[in-house]
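Me: Please take a close look at one helix pair in this model. Then widen the view to a few other parts.

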Amino acid sequence: MGNGDGTIAWRELLAEAAARVGERDARRIVEELTDAAPGQLHRELDDLVTERALARFDEMVARRAAGEPLQYVLGRWGFRSLDLMVDRRVLIPRPETEVVAGLAIDAVVARGTERDVLVADLGTGSGAIALAVAAECTAARVLATDASADALAVARANLAGLGRAAARVSLHDGSWFDALPDGLCGSLDVIVSNPPYVADDEDLPAVVGEWEPPGALRAGPDGLDDLHCIVDQSVRWLAADGTLVLEMAPDQTVAIARRCEQRGFVASIHQDLAGRDRAVVATREDAP
């Protein structure tokens, strides 16, 4: 695409890319390469393209045309107030999970600011939930866990860009509660997780199933293995009035809410931005 001799403008490349990957994705790619401010791409379109930028443009458009998710092509994606680095080592942050992070933030805020609020984000991936909680709640001290060293490397990179709030986040390697220090058992104020919840044999769109890490997606024959594990163990790890916040598929919420209630929680089901049941929030029944 283009001739790379310094005589092609971004406007021409935008049109060529739109024909290959669609107008929305083409615009995001050109915005990324020109570093255009939101809503200001029109100011850049008549600028000439350097040879180096043209090479990057050709690579990014080819990757997107081959089916790679736009978020991975760009190498970053927005999540609430954050701009996160993302690649194939981690799940793409989604609007559904922004809602789950908001529920966790609500649980932290409800506890006040008189002392640190101890939060565990289990299976942190890119760090999206953990870093959002830390960024938006100055009282939160967040422990972010993941069994994937690759995911923790991405979370670490994102943590480095968090600013002062990063001092209140620590990363821990291990599966679910095994990653946490034993001394914290029974003292966590909030546990939040977006665990794998897709059944092993469930069909997924190619843009998900062929690109995103399967270990962060699939969880047994009915997709409930990890959700059951977290619910069952959280009874030991939460403080007496602690709160559990879990993301899951819409058709899993009733079963997980029931399992929480069977283990002594008061549970409620919450919807995502599309109006689908998406999360369960459960509080210990022995709360004062």
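Reply: The crossing of α1 and α3 is right-handed. By definition, a crossing is right-handed if the near helix is turned clockwise from the far one by less than a right angle, and left-handed if anticlockwise. This is a predicted model: local features need pLDDT of at least 70, side-chain atom pairs count only at pLDDT 80 or more, and totals for chains, interfaces and linings use all residues. Residues are numbered from 1 along each chain as its sequence is written, and side-chain values use heavy atoms, with hydrogens and water left out.

Helix α1 covers residues 10–21 and helix α3 residues 51–65. Helices (H or I, at least four residues) and strands (E, at least two) are DSSP runs, numbered from the N terminus. The two axes come within 10 Å and cross at roughly 15°. Axes here are lines fitted to C-alpha atoms, for helices over the stretch in contact, and angles run from 0 to 180 degrees between N-to-C directions. That crossing makes α1 roughly parallel to α3, a label for angles under 35 degrees. From α1, the contact uses W10, L13, A17, R20 and V21. From α3 come A53, L54, F57, V61, A62, R64 and A65. Contact means heavy atoms within 4.5 Å.

Next, helix α2. R28 sits in α2 (residues 23–34). R28 is partly exposed, at a relative accessible area of 32%. Buried means under 20%, exposed over 50%, partly exposed in between, with a 1.4 Å probe and protein chains only. Leaving aside neighbours within four places in sequence, R28 is in contact with L70, L74 and W77. R28 and L70 are 42 residues apart in sequence, yet 8.5 Å apart in space, C-alpha to C-alpha.

Now helix α10, residues 253–262. Its buried residues are T253, I256, A257, R259 and C260. They fall within an arc of 160° seen down the axis, so they line one face of α10. The arc is that of the directions from the helix axis to the C-beta atoms. Their cover includes α9 (225–237), β7 (238–247), β8 (265–271) and β9 (277–284). Just after α10, G264 takes a positive phi of about 95°.

Last, the cysteines. The structure holds zero disulfides, a disulfide being a pair of cysteine sulfur atoms within 2.5 Å. C260 is in no disulfide; the nearest cysteine sulfur, that of C229, is 13 Å away. C260 is buried, with a relative accessible area of 0%. The sulfur of C185 is 13 Å from the closest cysteine sulfur, in C229, too far for a bond. C185 is partly exposed, at 29%.

Terms used:
Parallel < 35°, antiparallel > 145°, perpendicular 65-115°, else oblique.
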